[in-house]
Amino acid sequence: MSRPIPRYVLTFCFLLVSAAAWAQGANGTITGVVKDGSGAVLPGVTVEAASPALIEKVRTAVTDGQGLYRIVDLRPGAYTVTFTLPGFSTLKRDGLELTAGFTASVNADLKVGELAETITVSGETPVVDLQNVRQQTTLSRTTLEALPTTGRISQLVNFIPGAVIGNPVWQSVGGLDERANAFSAHGGRFDDNVPIIDGLPQRLQGGAVFVFNQLTFQEVGVETGGTSADRNTGGVQMNIVPRDGGNTFSGAFNTSHSASSLQAGNLNDDLRARGLSFSSSLKKHYDTGGAFGGPILRDRLWFFAGTRFGANQQYQQGNYFNKLQNQRVGTDPVYRVTFYEPDLSRPAFTDDYYRDFSLRLTLQASKKNKLVLSYEAQPNCSCFWPILELGPQNNVQGTPEAVGAHNYKVNYLPLVTWTSAVSSSLLIEAGASANVFNNETMRTDPSVGTDTIAITELSTNFRYGSRALSLTHAGGYRIQHNRQYRQRGSVSYITGQHALKTGVDLAEYSEGAPDWANDANQINGARSYTFRDRIPQQVTIWAVPFEALWRSVDIAAYAQDQWTIQRLTLNLGLRFNNFNGHAPETRMIAGPWVPARVFPATKNAPNWTNISPRLGGAFDLFGNGNTAVKASFGRYTPYSIAAVDIPANNQANSTVRTWGDTNSNYVPDCDLRSPVANGECGGWSDLTFGQIRAGSTRRVADALGGYNLQDYNWQLAAQVQHQLRPNVALNAGYFRTWYGNFLVTDNQGTTASDYDPFCVTAPTDQRIPGGGGNQICGLYDIKPAAFGRVDNVVTQHTHYGKQSEVYNGVDVGLEARLARGARFQAGVGVGRTTTDTCDFNSLPQLLPNSIGGTAVSTTVVTPRTDDFCHVSRPWTAATGLKLVVIYPLPWDFQFSALYFDKPGIPEVASRAYTNAEIRPSLGRDLGQCRGAATCNASVVINTVPDSSFFEDRLRQTDIRFSKSFRAGKLRVRGNGDLYNLFNASNVLSMTTRYSGTNGGQWLRPLLILGGRMFKFSAQLDF
């Protein structure tokens, strides 16, 4: 019987027959031209790059016929470059500091003389990269340890020009929110942000699962533009270079602490007027870790180990535990129905703790072969998630009882890489890693029993009781089983003119484990309620137990060449990838509202094939190495891991019906299983609920696969880098990003004629642009006869019209590396994204799947008018400034500071309009009231166009004073940090629901920037 060939065999077979190539990756490159005293090029010169960072000590190249040489795959560190040729004196260039991803140009002029004669010169490290087209900021371990920050990758957004944090609530004072690893630049998606270790992507749920220990970093390079073909996305790439150990034992121990008593209050009159009475953000912080490494066998086997223990708790100032959580209302004998009243003595808070245990081994197995093995385990917990983030909560703020404790008891990362320097021009690399975690979502508080019903209060846009968001792992209570396996391999051929590389990347993903969907209280009571001013409005029933299973594979092959032609270096790349997903047969037991279910296996869902060119060029403008003009142009696909069109997900996972609680007993007195109106309840919103069928949602062929049909973006960049003086560089660039292949969902169970238009009146309020009171039209309601008919088809937007998303921006940055470790960095980013979906305004049965990378809400209606469908921020809300200063002082003191100035968050207003308010314009009751004895339905409508008005700009200054004490090779450094020096109190999250005649709690802050905070830390280095 024949057996399939394992994927890894296919991978390495491909590598063996590939043409060789190389390009910029995790490490750096030294290149240049060698001439004699007359200016003639010298072929055959032996060039050696030596560094204590190399376990093999030295790497060698030979100049070609044009006198060019290139040495690649050099770890960051201090290098000495030696040039030798019989008949010429030996030239040695020392003091070269090489960083990851940087190509340092080191030219040499040899003088006629004896080989034994050595001339040693020292020069400044180049600050202009004359060959790479990437926009990159590199931060060394020394720099990260000097600044007032935690040093972890969650804080890098504060240093990078043009970088934008993925969610404003992650802007924590003192770096208390370590889940904020995801950020974007130049109109990119923050979901495409990827940490990379040893050439292998390590992205897990946006970084919330794994928080890498900064004590194990050598340096971090952040790429924000001009990404080459060996990367799978065009998002921000964070290249983490781990410490390897060395021939000398070394290490560090670090501890930092703060407390609520060390934070100033920053409540002001404006915040009090908006309903906030509590301002402290810090509840608890400690972070203690150590790292130690050195030789097991000198020049042969090195180790580096690290550990860390930390906890962060920060208050959400406008959210509180429920004072009435245990007080029943109504007469339900089975389920606990409650009201919400904030317990002002118990503000909500995050509760994140982190544990890290890691070991890295570096083995020089032979003169030409190096092996790296590492293992890292992190039993972490995000124990009140997502208390701060509204997006994962369907933009409805949950109380602490209504979120989940995400406990990662199984959470580890093994990794192995092999490098073979076959010769000075041939390099073979391979690597593999596994990300394995189980996310057990548990109830957050003892007061939350399996009988506690989740309730959404429309008037305040709050959710309390328990958790009922969706049937995903983050929507209720269950265990998520996730496995991610990645492999890579490449063969490289390097000459003075060319750096060629071909390679293969293979990624395999797995979500879900068979037979684990067995808990009917995955959503408590398999139901949730919606109230308005404590009066029942709707009941939702859920198809639990539930867990969708899927598997996927992403295989890619790429080729790229860095080709130097005199002063011009071309960066030419092409990437092919195929992303294929499928779902295994899935079985689920019967639940309260649904029968036992068996869903068939699927394949090729999706089956995307992409060919993406990545092109660029860098030109040494004046030939002196001081000015480079660069341009790049590339096509990119998103970071995708999930299969689609999964039969289990395509079923109606819930259905909603109106509920008129006429006897005020807070029990839905009706047959919830019956899809038609009966008793106190209206009909089902989705008549396919509970049926095992093809599904109420399906994808057509162009939304499942094809050549270059996956959503994508093109990125264009044009930059100038100029050395103003030694160690001082000015960078300026223009960036443009535009997207395509948007997907839309068309409910083909209805047509445009099945909807009637209506208008509403915006609230009259001087806080609303123009004072409000205006008519809002472009709204549609389904006719009663068509209500509940759902046949959603997902397809390409081009069948219905145009959808666009375009970013334009400019970055200007200045970087100076000065004497004694002083550093200054300044950056200004000006850029905005414009989105347009206006072609769909006349198609009420159609919804874009996403706008600006954010899923379109199905619970909040956006008017279909020009003001709402064409969105572009004003330039004043699209500009940011960032400053970094490190300055040594006498007597081993040091001062450092960070400053950033960026736009405030947009202010949003939605309002729940009742059937009585809508009926005069619509001319009938809302369609969802079909057959109901009493129509108490409502529709939540956005009343203000997105990005039309904003909170004040956020301006934050953080400073650090350090004092070092030295005793031989031992150094102790004490740090005193002051975060938010000027005690800013910007609003980071607020209530967006307008209610009543005066707005109710609209614009009431939920989270503000923490006040001025002092944190002390100490680090021992040896």
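Trainee: Which residue in β47 is the bridge partner of Arg698?

Mentor: The bridge partner of Arg698 in β47 is Val793. The model is predicted, so local features need pLDDT of at least 70 and side-chain atom pairs count only at pLDDT 80 or more, while totals for chains, interfaces and linings use all residues. Residues are numbered from 1 along each chain as its sequence is written, and side-chain values use heavy atoms, leaving out hydrogens and water.

β40 and β47 (residues 792-796) pair in the parallel sense over 3 bridges; strands are DSSP runs of E with at least two residues, helices runs of H or I with at least four, and two strands pair if DSSP finds at least two bridges between them. They belong to an open sheet of 4 strands with mixed pairing, in the order β40-β47-β44-β50. β40 (697-699) and β50 (846-848) are its edge strands, each pairing on one side only. Neighbouring strands are turned by 25° against each other on average, direction ignored, with axes fitted to C-alpha atoms and angles running from 0 to 180 degrees between N-to-C directions.

Among the aromatic side chains, Phe278, Tyr315, Phe321, Phe349 and Phe384 form one cluster; rings of Phe, Tyr and Trp (its six-membered ring) pair if their centres lie within 6.5 Å, with planes under 30 degrees apart stacked, over 60 edge-to-face and the rest tilted. The charged end of Lys283 sits over the ring of Phe349, 4.8 Å from its centre; this requires NZ of Lys or CZ of Arg within 6 Å of the ring centre and within 35 degrees of the ring normal.
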